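Open the model in your viewer and keep the sequence panel beside it. This tour goes from one selection to the next and says what is there.

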Amino acid sequence: YLRLAFEPPAWRVRLAVWLQRIVPALSQPTALDIDALCRDPEVVARYRADPLVHDRITVRFFSQVHAAGEAIIDRAAELKIRALVMHGSADGITDQEGSQAFLRAARSSDKTLRIYPGLYHDLWNEPERGCPARAGREPLCSSWRQPVGPRHRRARLRGGGSTEAVR
């Protein structure tokens, strides 16, 4: 993730940064709202029932990933290859503004941000059977699997890519 959809309390972030030096494997609850994963109750139920899923995160992992997300946004201007970022507008786990900030700063001439209105975090398991994000059935996703090169340039987006909502 680049940014969480909620800001952890500053004291917890500072404490995690300090504790990672002493007890890096100390695990704490994630405080993630699992219901924000997907609007399909069956997907959420399977997630909760999965014995490999837990609600813990080590202080070291949190400290490293939390800082890395902002560092990636700060260094986005170094991105010069094509980029596709997909995000649900109702994602309660990660912040779509983080995705937008990253792509705005990226210097790639072929970049696309797709915001799916009303979709949650797990785009691939949302309940709409016709959801364009599912299984790469969206034409844009298909075009991203195509080769790129001089003869393909006419079919690609120009002028900095696009930012658009998908209906």
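**Stop 1: Arg48 and Asp35.** This is a predicted model. Select Arg48 and Asp35 and show their side chains. The two form a salt bridge, with the closest N and O atoms 3.2 Å apart. Arg48 sits in helix α2, residues 41-49, while Asp35 is in the loop between β1 (27-29) and α2, so this pair ties together parts that are 13 residues apart in sequence. Arg48 is exposed, at 51% relative accessible area. The cut-off for exposed is over 50%. Asp35 has 43% relative accessibility, so it counts as partly exposed.

**Stop 2: Arg39 and Glu126.** Now select Arg39 and Glu126. Their side chains also meet in a salt bridge, 3.2 Å from N to O. Arg39 belongs to the loop between β1 and α2, and Glu126 to the loop between β4 (111-116) and α5 (139-144), so the pair ties together parts 87 residues apart in sequence. Glu126 is buried, at 0%.

**Stop 3: Glu97 and Arg104.** Select this pair next. Glu97 and Arg104 form a salt bridge, and their closest N and O atoms are 2.6 Å apart. Glu97 is partly exposed, with a relative accessible area of 31%. Arg104 is exposed, at 55%. How many salt bridges does a search of the whole structure find? The total is 6.

**Stop 4: helix α1.** Select residues 10-22, which make up helix α1. Which residues of α1 are buried? Color Val13, Ala16, Leu19 and Gln20.

**Stop 5: a nonpolar patch.** Keep α1 in view and select Trp11, Leu15, Trp18, Ile22, Val23 and Leu26. Together they make a nonpolar surface patch of about 580 Å². Ile22, one of these residues, is in helix α1.

**Stop 6: the cores.** Hide the surface. Select Leu2, Ile73, Ala76, Ala83, Val85, Ala101, Phe102, Leu103, Leu113 and Ile115. These 10 residues are the largest nonpolar core. At least two of its residues come from each of β3 (83-88), α4 (96-105) and β4. Helix α4 gives the largest share, 3 residues.

**Stop 7: the whole chain.** Zoom out and switch to cartoon. The chain has 5 helices and 5 strands. From the N terminus, the order is α-β-α-β-α-β-α-β-α-β. The chain has 167 residues, of which 35% count as buried. How do contacts run along the sequence? Among those between residues at least 6 apart, 77% join residues at least 24 apart. Bring the surface back to finish. The chain exposes about 10300 Å², and carbon and sulfur atoms supply 56% of that area.

Notes: Residues are numbered from 1 along each chain as its sequence is written. This is a predicted model: local features need pLDDT of at least 70, side-chain atom pairs count only at pLDDT 80 or more; totals for chains, interfaces and linings use all residues. Side-chain values use heavy atoms; hydrogens and water are left out. A salt bridge is a side-chain nitrogen of Lys or Arg within 4 Å of a carboxyl oxygen of Asp or Glu. Helices (H or I, at least four residues) and strands (E, at least two) are DSSP runs, numbered from the N terminus. Buried means under 20% relative accessible area, exposed over 50%, partly exposed in between (1.4 Å probe, protein chains only). The expected span of a helix is 1.5 Å times one less than its number of residues. Patches are made of residues with over 30% relative accessible area and no salt bridge: like charges are joined within 9 Å, nonpolar side chains (Val, Leu, Ile, Met, Phe, Trp, Tyr) within 5 Å. Accessible areas come from the Shrake-Rupley method with a 1.4 Å probe; for residues, only the protein chains shown count as cover. Contact means heavy atoms within 4.5 Å. A nonpolar core is a set of buried Ala, Val, Leu, Ile, Met, Phe, Trp, Tyr and Cys residues joined through side-chain atoms within 4.5 Å.
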